[in-house]
Amino acid sequence: MAKVRASVICGVLAAFLSSAVFAFVEDLDETFKDTRANDIWLVDFYAPWCGYCKKLEPVWYDVGAELKRSGSPVRVGKMDATAYSGMASEFGVRGYPTIKLLKGDLAYSYKGPRTKDDIVEFANRVAGPAVRALPSKQMFEHMLKRHDVLFVYVGAESPLKEKYNDAASELIVYTYFFSASEEALPESVSLSELPAVVVFKDGSHFTYDEYEDGSLSSWVNRERFQGYLHIDGFTLYELGETGKLVAIAIIDEKDPTEQSGRLKTLMQQVAKEYREQFNRDFQFGHMDGNDYINGLIMGEVTVPSVIILNTSNEQYFMPSELIESTDQLVQFISSVLNGSAQAYGGDGFIQRIKRVAFDARSTIMSVFRSSPLLGCFLFGLPLGVISLMCYGICTAESDDGLDEKREGLTDEEEEEDDEEEEQQRQAAELEGPEEEEDAGEKDPEEKKTD
């Protein structure tokens with residue numbers, strides 16, 4: 001009896017907690033457009049039939065509970081974009097699920113990993129001011145430890161600060177932006193002139209130069225990653241938005257070898273020591289294993305090896321020989337930069353056809369590997385039906401062959417053809433009985449034999 005009572009209490013408690021979590025996420029309808037103006041909203045636009053949307057759903061409720069618990073001003077909601085397609089279109093929804101933070105007249109799209117921590121961090125960053133102040137050395141040091149990449153405007157009011165504020169409003173979806181006085185900078189940091197925009201990363205700092213670096217927004221977009229990264233599929237997608245080529249050391253971290261370690265070290269050295277030469281055009285890093293790259297280039301990459309990807313047009317470059325020294329790696333990267341290296345892949349018509357065929361084959365193979373019976377049913381049954389239909393079409397006798405033969409004749413030709421057929425039929429009827437009588441009478445010699 002006690003066990004039954006305990007199970008009932010646990011069930012009631014679980015239902016209560018579940019309903020409490022659900023209460024932190026609001027279901028939105030057509031009235032949302034008129035009522036959202038005074039609040040900051042984090043909204044999941046979903047489709048009921050979408051598998052990715054269903055996978056995100058429990059994470060989304062955790063996001064709502066976490067933001068509520070932390071006292072964030074961000075309200076969390078979800079909207080069926082198929083039921084309210086007009087409103088979803090107004091917010092620029094093109095696929096499912098789409099996560100957007102709505103702040104006044106601005107709508108910021110979330111493109112990061114769909115985990116609770118990443119989504120909450122995005123919401124808190126974008127919901128706050130575009131540029132945050134660092135009033136003291138202690139706060140500055142704290143932020144340096146907390147962030148791998150830190151953008152800071154240093155100085156008083158100026159046209160550069162206006163550009164910085166504009167860039168922050170545009171790119172806050174990717175990173176934080178701060179401002180500080182010269183007194184708040186660490187003692188090790190010395191700037192030649194003020195005002196200045198500085199990025200702190202990789203144990204050093206680099207100052208924006210309008211004449212060399214172009215627009216401030218483009219510079220921030222290029223500098224928002226560390227010089228060397230551990231790259232995965234999602235990071236590679238984000239790096240594509242910087243416009244840089246991505247130089248990757250393909251290694252196996254689960255079974256490290258001396259050659260893999262040396263190649264990784266070479267890539268790190270080039271990223272740091274040749275920053276001035278390559279940083280504008282290249283992002284450096286390593287990738288664990290070759291599975292993702294193999295699918296990307298529709299080929300086989302050996303491990304360890306080096307590959308450079310152009311994510312804008314799907315081209316890639318590979319060295320003709322094994323990279324064993326810094327000079328070899330620098331020479332290979334320089335050949336890609338000056339256009340003398342052989343480019344493979346691309347996004348041409350033939351490559352697109354190959355991509356469709358490759359993706360179809362990969363999908364079929366993955367289905368058969370995960371569930372052979374399901375694969376046989378999904379692909380074997382339609383092929384069998386199509387085969388039977390083709391067999392029936394090819395072996396069927398045509399009953400209207402005569403009609404097809406007569407097509408194209410004039411009326412006079414058809415009448416002559418009919419008269420000729422009638423005469424042949426009458427002649428056959430006249431000859432028939434004579435042949436039968438002749439056949440019925442025996443030769444006298446045959447009679448003697450009988």
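This is a predicted model: local features need pLDDT of at least 70, side-chain atom pairs count only at pLDDT 80 or more; totals for chains, interfaces and linings use all residues.
Which way does H7 pass H9, in a right-handed or a left-handed crossing? Residues are numbered from 1 along each chain as its sequence is written, and side-chain values use heavy atoms, with hydrogens and water left out.

**View 1**
Let's start with E2, which covers residues 40–46. Helices (H or I, at least four residues) and strands (E, at least two) are DSSP runs, numbered from the N terminus. Seven of the seven residues of E2 are buried, so the strand is largely enclosed by the rest of the structure. Here "buried" means under 20% relative accessible area, "exposed" means over 50%, and "partly exposed" is in between (1.4 Å probe, protein chains only). In a regular strand, side chains alternate between the two faces of the sheet. Both faces of E2 are covered: on one side sit Ile40, Leu42, Asp44 and Tyr46, on the other Trp41, Val43 and Phe45, and all are buried. E2 runs parallel to strand E3 (residues 74–80), and seven bridges join them. Tyr46 has Asp80 as its bridge partner in E3. With strand E4 (residues 98–103), E2 pairs in the antiparallel sense over six bridges. There, Trp41 has Leu102 as its bridge partner.

**View 2**
Step back from E2 and you find an open sheet of five strands in the order E1-E3-E2-E4-E5, with mixed pairing. Strands E1 (25–27) and E5 (106–109) stand at the edges, each with a single partner strand, so one side of each is left without a neighbour in the sheet. From one strand to the next, the twist averages 30°. Two strands count as paired if DSSP finds at least two bridges between them. E4 and E5 pair in the antiparallel sense over four bridges, and Leu101 has Tyr108 as its bridge partner in E5. The axes of H3 and helix H5 (residues 116–127) come within 9 Å and cross at roughly 45°. H3 and H5 are therefore oblique to each other.

Strand E7 (residues 150–154) is mostly covered, as five of its five residues are buried. Leu150, Val152 and Val154 are on one side, Phe151 and Tyr153 on the other. E7 pairs with strand E9 (residues 196–201) in the antiparallel sense over five bridges, and Val152 stands opposite Val198 in E9. Four bridges join E7 to strand E8 (residues 177–180), and these two run parallel. E7, helix H7 (residues 159–171) and E8 make a right-handed β-α-β unit. What about the opening question? H7 passes H9 in a right-handed crossing. A crossing is right-handed if the near helix is turned clockwise from the far one by less than a right angle, and left-handed if anticlockwise. The axes of H7 and H9 (residues 216–223) come within 9 Å and cross at roughly 50°. Axes are lines fitted to C-alpha atoms, for helices over the stretch in contact, and angles run from 0 to 180 degrees between N-to-C directions. H7 and H9 are therefore oblique to each other; angles under 35 degrees count as roughly parallel, over 145 as roughly antiparallel, 65 to 115 as roughly perpendicular and the rest as oblique. Six of the eight residues of H9 are buried, among them Trp219.

**View 1. Two cysteines, Cys50 and Cys53.**
Cys50 counts as buried at 5% relative accessibility, and Cys53 is buried too, with a relative accessible area of 6%. How many disulfides are there? The count comes to zero disulfides, taking a disulfide as a pair of cysteine sulfur atoms within 2.5 Å.

Key:
A crossover is right-handed if, with the strands pointing away from the viewer, the path from the first strand over the helix to the second runs clockwise.
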